[in-house]
Amino acid sequence: MTDPRYLLLYVQDPLASAAFYADLLGKTPVESSPGFTLFVLDNGTKLGFWARPTVKPDARPASGDHGELGFPVADAQAVDALYAEWSRRGVTMAQTPTSLDFGYTFVGLDPDGHRLRAFALTLP
């Protein structure tokens, strides 16, 4: 079995998601249309956004609050810096920087409510 290298999120407006993630990631989508947009990340992972009304079989309507995209960073200072940067960009925040069992983290939300967790692991 191969490792997953393709993340696909169902969204209301792929072009709005493309604009949000282009700003957040500092990348341009490699494909962009009203029904679908696609980014290729530096590690080769593909991140796609598919218009929920066109998904087959039909996707159940829901908020994006069913999982997270994780953004690992080096340390707590990097978490705080990213929080400040995303806040300046207007990202809605669901959780301010805080210490949890696994490390230091915060959670932002994309336009469809998908969670974007930045974190620095605390190693024992």
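1. A residue is called buried under 20% relative accessible area, exposed over 50%, and partly exposed in between. By that scale Arg89, with a relative accessible area of 36%, is partly exposed. The model discussed here is predicted.

2. The chain contains two helices and eight strands, and from the N terminus these elements follow the order β-α-β-β-β-β-α-β-β-β. The C-alpha trace spans about 45 × 40 × 30 Å along the principal axes.

3. Of the 124 residues in the chain, 35% are buried. Carbon and sulfur atoms contribute 56% of an accessible surface of about 7,400 Å².

4. The structure holds five salt bridges. In one of them, the side chains of Asp23 and Arg89 meet at 2.5 Å, N to O. Asp23 belongs to helix α1 and Arg89 to the loop between α2 and β6, so this pair ties together parts that are 66 residues apart in sequence. Asp23 is partly exposed, at 39% relative accessibility.

5. Glu85 also forms a salt bridge with Arg89, with the closest N and O atoms 3.1 Å apart. Glu85 counts as partly exposed at 26% relative accessibility. Through shared partners, Asp23, Glu85 and Arg89 are joined into one network.

6. A further salt bridge links Glu68 and Arg117, whose closest N and O atoms are 2.8 Å apart. Glu68 lies in strand β5 and Arg117 in strand β8, so the pair connects parts that are 49 residues apart in sequence. Glu68 is partly exposed at 41% relative accessibility, whereas Arg117 is buried at 13%.

Key: Residues are numbered from 1 along each chain as its sequence is written. This is a predicted model: local features need pLDDT of at least 70, side-chain atom pairs count only at pLDDT 80 or more; totals for chains, interfaces and linings use all residues. Side-chain values use heavy atoms; hydrogens and water are left out. Helices (H or I, at least four residues) and strands (E, at least two) are DSSP runs, numbered from the N terminus. Buried means under 20% relative accessible area, exposed over 50%, partly exposed in between (1.4 Å probe, protein chains only). Accessible areas come from the Shrake-Rupley method with a 1.4 Å probe; for residues, only the protein chains shown count as cover. A salt bridge is a side-chain nitrogen of Lys or Arg within 4 Å of a carboxyl oxygen of Asp or Glu.
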